[in-house]
Amino acid sequence: MSSSPSLPVVPLNKKVLLPSVVIKLIMSGSAATELVRNYFKSRDSLTAQQSSFLIACVPLHRVPDTRRPLSDAGTLVADEMVPFLSRYGCSGRILRVQRLANEMYGIYVEGVSRFRIDLSDEGHAATSTTVRVDYYDNDTPPAQAEDNDFGQLVRGFVKKLEELQISTDLITQMQRWIATKPMLVLADLLVCLIDTSFEEKLQMLETTTAAARMELAKTWMRRQLHLLQIQEQVNSHVEARMSRQQREFYLRQQLEAIQHSANTQKDHDDPDLDEASDLRDLKRRLVAAKLPSEALAVAQRELVRLQRLDPSSLDWGVGRRYLELLADLPWENKSSELLDVARARKQLDCDHYGVSQVKKRIIECLSVAKVTGDLRPPILCLVGPPGVGKTSLGKSIAAALSRKFYRVSLGGVRDEADMRGHRRTYAGAMPGLIIQGIRRSGVSNPVLLLDELDKLGCSRSHGNPAAAALLEVLDPEQNHSFHDHYLNIPFDLSSVVFIATANSVDTILPPLLDRMEVIHLGGYTAEEKLNIAKTHLLPRQLQRHGLASDQLKIADEVLAWIMKRYTQESGVRGLERALASVVRAKCVELAESRAKKAYDPHVTRPDLYDILGLPLYDALPLPDRSPGVINSLTEERGGVLVVEAMKTPGGHGKLVLTGSLGAVLREAAQLALAWVRASSVSVLGDAPSLRDAMATHDIHIHVPAGSAPKDGPSAGLAVVLALVTVLRNQPLANQETTAVAGEMTLRGRILPVKQIKNKVVSAYLAGIRTLVLPEQNRADVEAHVPETVRRQIHFVYVATVQHALDFLIPAAAAAAAASPSAVSVTKPQQQSMDPRRAVESRL
């Protein structure tokens, strides 16, 4: 044995340095910086004949459990590490130092010679940054026969690597080692190259005799060769069955084959055990589903086909997903219905205020079912502006019928396959939205809400195939055998309650609309909004924000002020957002005042300016008594659509239209000007100057809010009145609180308008108190407009444009007397009046 001076200690975590092996160490801290500094100093001072700068690389049996970073100890070997240092190590020669970051280095070290730590100076060896080592030389090399045996193993290992097409650079390097390196050195190199554990490498380091180290190396080389042979057998066995689509299955097969060859998993000889278990479970689910006869025959045929297929094939996955759909569909499972009319009425009244027509229809349906014992669900279509409660009303209907509820969003759906499913021949095929809804609801008689029916996508070349696919779904005579392309088996939808929602019926296919019972939900009146805010919106916001009912007090006049000045809509979504802002503001005030113990739960009108800002809307339309300014009706923009007309001198009778008008509204303006020119004598009188004004002036018609598109025929009467008043230079009486609506023909007849309830309610909320409507809308007003609104509005019903002019323009009284029966007036406090007396009283 030979001794050497003390060497600086470098602990190795989960690493072992053997002679002739090069490893990279990551070191950090002040001790690492000191070591690197000493290395560079010694390298500069050493001559070519002197030895290189060496370090003692000592493995750690395990890392000590300490929260203090070891690099902060001021030394490479912290006190916590000393008990875990091995008594054997390898001296290392530093080849290269790489600076990675501040006080962090990458150091490449080559093993030189094994050593045993000298424990003659126990304290010095255990606590210092250096240790005294004893080198033990390999003075008894192994026998020549052992060298030959190990050489054959190494050459066989290289040959196997060539067969497995491993990196040619590695094979070339190993062939160079075989030709130049001694067997003992080659043994150390290969032990670090093959798959060996940390404990095995440590055993190789601590073995003192060369013969024992050679035996260990040969044992591990034979094990590595055996693993390579197993891998080669697995490759030859699996690649014969592998295709391009079976890469993922190949990895699993390879792992199972290796485990089986190593005798570590004896119970996984058959790779199809899991698939067989899944098929047995699927069979039990199909039996429990109580399939009808046709579906049962298809399921049996698919099961037989599935058992013959390879689980790795695409068809196997398609068939399994199809059988899972058959097992999941509720063929016989239904919700237990509770036909209690009183309970259903209470449920509907509790959830929604108003909407009496919908409540009446549901109560009728339940009453008929209770009498006959057979519930034939209606197919309803709830039509109304946003925020009036169409979707929430569907949930209330489901609760009243004691059924499960599922919502299908149709917005943007444009393909028939989305409704009826894709055929299973396509990749990624899946059932349609209807069958998916039935599957997820878990019952065959849910309440299925078809939301946003009017938003179905429409193609220019193919029309509206998605809406056409709904014809079978919503037809009571056909939906008992609904045919989904993916399911490919008739499914009974006759027990499903279908409820569709839409904002307008204009974009719904007429055949589809004919199959549904349309119920129009108009906008809420001020009284209804106030009741909804007090009983539904405000309590819900208090619950969401964690406030008690006594921690927020809002008077009715404050709620009314919010509705008039901060929201002008048919529904209540904007009102709920405004109330949410108020509740959040009071939450902030409550949180900040807990320390001061001063909190006022009341909300006053001045508080709204700080919470909601300045009012967004005026309480009433801006008063404008200028000739040529007429109010028309609309469901949007506050309920009033203002039409302005102006004559500009120096023209030639040209008509100019501005304000983002649609094609229908532009045609209505041209139609109105043509009628005024044809009826100039009766409309403008005998004064030639008034009639000549149309030839010497250009007519400009504008509808404010130019960025918003506007269209529709119901503003035709308003355009005529605007032209007449600007040409006569005579405004209407009470012009700022008067509005008109009606489509006109070329002969001057007034045709009815749609959505009269929503328009009347919106106009009432905007401050309109006199309405001129077509005579044919009288029944709609009396049937659908709330009585509280009818009492506050002065209704005038006209049949022609001339009769409207006779009523609204006092100078036309003589013409009105010629045909008095054309005008019918309904005053706020008088619901019906003789038409002649109405005209005379107005004159």
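**Helix crossing**

A crossing is called right-handed if the near helix is turned clockwise from the far one by less than a right angle, and left-handed if anticlockwise. In this predicted model, H19 passes H21 in a right-handed crossing. The contact draws on Lys529, Ala533, Leu537, Leu538, Arg540, Gln541, Leu542 and Arg544 from H19, and on Leu575, Glu576, Leu579, Ala580 and Val583 from H21. By class, the residues of this contact comprise 8 nonpolar, 1 polar and 4 charged.

Two packed helices are described by the angle between their axes and the distance between the axes. For helix H19 (residues 526–544) and helix H21 (residues 573–593), the packing angle is about 45° and the axes lie 10 Å apart. H19 is therefore oblique to H21.

**Parallel sheet**

An open sheet is formed by 5 strands with parallel pairing, in the order S10-S11-S14-S9-S15. Strand S10 (405–409) and strand S15 (517–520) are the edge strands, each pairing on one side only. On average, neighbouring strands of the sheet are turned by 20° against each other, direction ignored.

Strand S9 (residues 380–383) pairs with S15 in the parallel sense over 4 bridges. Within this pairing, Cys381 has Val518 of S15 as its bridge partner.

**Helices on the sheet**

Helix H13 (residues 356–372) lies across S9 and S15 and runs at about 145° to S15. Helix H16 (residues 433–441) also packs on the sheet, where it touches S10 and strand S11 (447–451). The direction of H16 makes about 155° with that of S10.

Terms used
Residues numbered from 1 in each chain as written. Predicted model: local features only at pLDDT ≥ 70, side-chain atom pairs only at ≥ 80, totals over all residues. Heavy atoms only, no water. Axes fitted to C-alpha atoms, helices over the stretch in contact; angles between N-to-C directions. Helix = DSSP H or I, 4+ residues; strand = E, 2+ residues; numbered from the N terminus. Parallel < 35°, antiparallel > 145°, perpendicular 65-115°, else oblique. Contact = heavy atoms within 4.5 Å. Nonpolar A, V, L, I, M, F, W, Y, C, P; charged D, E, K, R; others polar. Pairing = 2+ DSSP bridges.
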